[in-house]
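Welcome! Take a moment to look over the chain below, and then we can walk through it together.

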Amino acid sequence: MSPDVSGVTQSVRQLNCPDGTRIDVYSSGSGPAILLVHGWSIDHRSFVPQIEPFSRELTVVTYDRRGFGKSTAAPDLSAELDDIDCILNSLGVSQVHLLGVSQGGRLALRYAVTRPERLASLILQGAVLDGYAVEEPSEEQLPLGYYQELALQGRMDEVRRLWLDHPMMSAGVNDPALREEIRSLVADYSGADLTATKPPARPFDVDVMAALRKIDLPTLVITGALETLGRKAHARKILELLRGSREIEMTHSGHLSNLTEAEKYNAAVLAFCRAVESAA
């Protein structure tokens, strides 16, 4: 057992998945399970504001995805759905509330269309929808190719600086202490996914947009009023495709609403999970 920085005591276990991957899994609380899947460039610590409130009613599970935090596995999006299976199986969880942020939301959507029977609900924050392309203003575009060039030149400090200035990381982040917390999270991002020589990744062979039309899953889409236009468009498309979905807007937030409006965010997620559990 180890104390989390939120003040909640978390159980920490190291899982060895079938492919040899080691995953550190952190859990706390009791009751229905919720799995929190973090976004790009950060790790499980980005959910610190959620741990204590969620743990009052739910079993809260977090982990570091491949290539991030303390994970020992090489980055590989195509393997991450199996990682979620590994985590849930190890905990004996048959159904889970799955919350995904940003790139974690992309993974959550993939999981939903391939394993809908394992989900009690889906909660998405700033998610990307595979197969949906939108035009974005130049200042909101994510220049991953340029970041990769810099990373390959050993200029990760510059990558981190540019990324922290991007609207996805800066909009709505007005509190200096929170800015420092986010900077600290990104400071630990190694850039492994930008520099690794990846083995051929198996393509994701499911049409996510078509598959979403065929499932009926309680879904909460959380969108910051200051979110980028591109991510707002993705949210609208998800709401259009997925029966049982609804949206809540975080008035003063951009992409990082779980950090910038944590109290409102936590209340909305808990109320949603309660309603789902009551209807089950």
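Gln50 counts as buried, at 0% relative accessibility; buried means under 20% relative accessible area (1.4 Å probe, protein chains only). You will find Gln50 in helix H1, residues 48-55, where helices are DSSP runs of H or I with at least four residues and strands are runs of E with at least two, numbered from the N terminus. Beyond its neighbours within four places in sequence, Gln50 is in contact with Leu36, Asn258, Ala262, Tyr265 and Asn266, contact being heavy atoms within 4.5 Å. Asn258 is 208 residues from Gln50 along the chain, yet their C-alpha atoms are separated by 7.6 Å.

This is a predicted model, in which local features need pLDDT of at least 70 and side-chain atom pairs count only at pLDDT 80 or more, while totals for chains, interfaces and linings use all residues. Residues are numbered from 1 along each chain as its sequence is written, and side-chain values use heavy atoms, without hydrogens and water.

Now for the chain as a whole:

| Property of the chain | Value |
|---|---|
| Secondary structure | 12 helices and nine strands |
| Span of the C-alpha trace along its principal axes | about 50 × 40 × 40 Å |
| Residues that count as buried | 54% of 280 residues |

Among contacts with a separation of 6 or more, 73% join residues 24 or more positions apart.

How confident is the predictor on average, by pLDDT? The chain averages a pLDDT of 92, and 95% of the residues score at least 70; pLDDT is the predictor's confidence in each residue, from 0 to 100. Over residues 1-5, pLDDT stays under 50.

How values were computed. Buried < 20%, exposed > 50% of the residue type's maximum accessible area, 1.4 Å probe, protein only.
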